[in-house]
Amino acid sequence: MKIFPQHFLWGGAIAANQAEGAYREGGKGLSTADMLPNGIFGAVVERKPGDFAIKDVAIDFYHRYPQDIALFAEMGFTCLRTSIAWARIFPQGDETQPNEEGLAFYDRLFDEMRRHGIEPVVTLSHYEMPWGLVENYGGWGSREVIGFFERYARTVFARYKNKVKLWLTFNEINMSLHAPLTGVGLPEGSGKAAVYQAIHHQLVASALAVRACHDIIPDAKIGNMLLGGLMYPLTCKPQDIYEAMQQNRTWQFFGDVQCRGGYPGYMMRWLRDNGIALEITSADCDALKAEIDFISFSYYMTGCCTADAELFEKTRGNILSMIPNPHLKSSEWGWQVDPLGLRTLMNVMWDRWQKPLFIVENGLGAVDKVEADGSIQDDYRINYINDHLLQVREAIEDGVSVMGYTSWGPIDLVSASKAEMAKRYGFIYVDRNDSGNGTLARTRKKSFNWYRDVIASNGANLKR
Ligand code: BG6
């Protein structure tokens with residue numbers, strides 16, 4: 001019988017701005033996520049006291065985390081991925097001293113996880129940065145932000161060095177090309193030259209964080225985080241094959257820099273061909289040599305591409321637009337479901353980088369119906385995760401080294417793209433709707449017991 005490796009990490013993944021709420025408590029400053037109350041692709045909104053935004057309370061994880069972590073422990077989680085809200089620690093981003101109240105909150109949170117035997121997996125920046133850095137410095141467009149980020153990273157490494165041994169730098173670092181405000185703090189519609197310069201600063205900052213983590217917590221491991229956006233050629237026409245290779249390089253570029261310590265030749269050529277001259281100093285080149293320990297990534301869907309793209313309509317995931325695959329079905333949100341694509345992607349990443357992989361996001365966003373007896377029969381979610389986990393197991397059999405799996409949103413939370421509660425990912429239902437009504441009570445869905453059994457059997461109970 002095929003099972004998962006003995007110390008495989010099982011758990012779920014959430015992000016501060018989609019779960020915590022308490023957006024102005026504990027001395028926290030405003031972040032890019034707060035200024036986009038309608039989601040990544042919404043407009044920037046000037047925040048006024050008393051105005052409504054779903055993320056301001058989110059699922060109130062800030063106050064309810066002990067109860068939620070107890071539920072995760074009941075499912076047998078051995079790890080939980082969450083993020084630190086940078087603006088809780090440095091409210092404006094450029095302070096010299098951190099905010100003690102913010103630091104103390106994460107002390108309590110990580111202690112609570114450890115009390116339940118749950119290993120924290122912590123993202124330094126998950127789709128948010130202090131708004132002060134956007135307003136006063138122009139986001140990652142400014143080289144100065146590298147130093148502010150390094151100070152923040154060093155602060156949290158030093159503070160949590162005995163509590164957190166698994167770190168990730170930037171969530172979906174390759175998404176800035178598609179959502180520059182959330183990714184690098186640049187206005188939507190920014191030109192490619194500006195976005196790539198900001199990305200360069202972020203890659204340097206990521207590498208400096210890797211180095212700092214290795215210095216401060218020698219027994220920790222630190223990884224990057226990629227949006228796994230595997231593209232298939234729409235046909236076997238040579239031009240489509242070439243197009244797919246190029247499209248895949250738009251995300252592979254980030255992994256290439258982070259695993260190989262410098263810019264690959266194809267990227268230098270692309271920059272030249274597009275007349276983009278990045279400012280890259282020799283200190284930057286030195287910093288970029290710091291290699292990550294593992295690759296973490298999200299996986300929701302695949303897409304197709306062709307050299308004749310103008311002939312086709314595209315479908316949108318939360319970040320990427322792609323040509324739909326005629327062989328695949330879609331979720332209620334139009335995301336194409338492709339379990340085998342996960343195995344392919346894992347093999348591609350392993351062959352390319354030979355670093356352990358960690359699937360830190362995967363799951364199905366769906367509308368859940370609460371039955372008259374209060375139960376939620378989410379077999380569609382069970383089937384989705386079952387089918388993806390079977391492919392993870394196959395990838396392991398293929399020889400891919402895999403550290404663990406954290407499903408996205410093990411408890412319902414606010415969606416990133418459109419700030420919806422209606423799109424639910426959880427094994428735990430949260431009573432709150434898009435207007436903010438509801439008691440915030442937590443209920444176990446059918447998938448709760450199913451996932452508990454998957455973990456307990458280390459994947460032996462998955463169904464073909
Ligand atoms: C990933 C993000 O892209 O997708 C998460 O890292 C996000 O923050 C997840 O929530 C699902 O997207 P959405 O828009 O359905 O929440």
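How many strands make up the closed barrel, and in what order do they run? Before I answer, note that this is a predicted model. The barrel has eight strands, in the order 1-2-3-4-5-7-11-12, and their pairing is parallel. On average, neighbouring strands of this sheet are turned by 25 degrees against each other, direction ignored.

As background, strands of a sheet pair through backbone hydrogen bonds, either parallel or antiparallel.

Take one pair as an example. Strand 2, residues 79-83, and strand 3, residues 119-125, run parallel and are joined by five bridges.

Helix 16, residues 446-456, lies across strand 1 (9-13) and strand 12 (402-408). Relative to strand 1, helix 16 runs at about 150 degrees.

Last, a contact between two helices. Two packed helices are described by the angle between their axes and the distance between the axes. For helix 11, residues 238-260, and helix 14, residues 339-353, the angle is about 40 degrees and the axes are 11 Å apart. Their crossing is right-handed. From helix 11, the residues in this contact are W251, Q252, G255, D256, C259 and R260. They meet L345, V348, M349, R352 and W353 in helix 14. Sorted by class, the contact has six nonpolar, two polar and three charged residues.

Definitions and conventions
Residues numbered from 1 in each chain as written. Predicted model: local features only at pLDDT ≥ 70, side-chain atom pairs only at ≥ 80, totals over all residues. Heavy atoms only, no water. Axes fitted to C-alpha atoms, helices over the stretch in contact; angles between N-to-C directions. Helix = DSSP H or I, 4+ residues; strand = E, 2+ residues; numbered from the N terminus. Left-handed = near helix turned anticlockwise from the far one by under 90°. Contact = heavy atoms within 4.5 Å. Nonpolar A, V, L, I, M, F, W, Y, C, P; charged D, E, K, R; others polar. Pairing = 2+ DSSP bridges.
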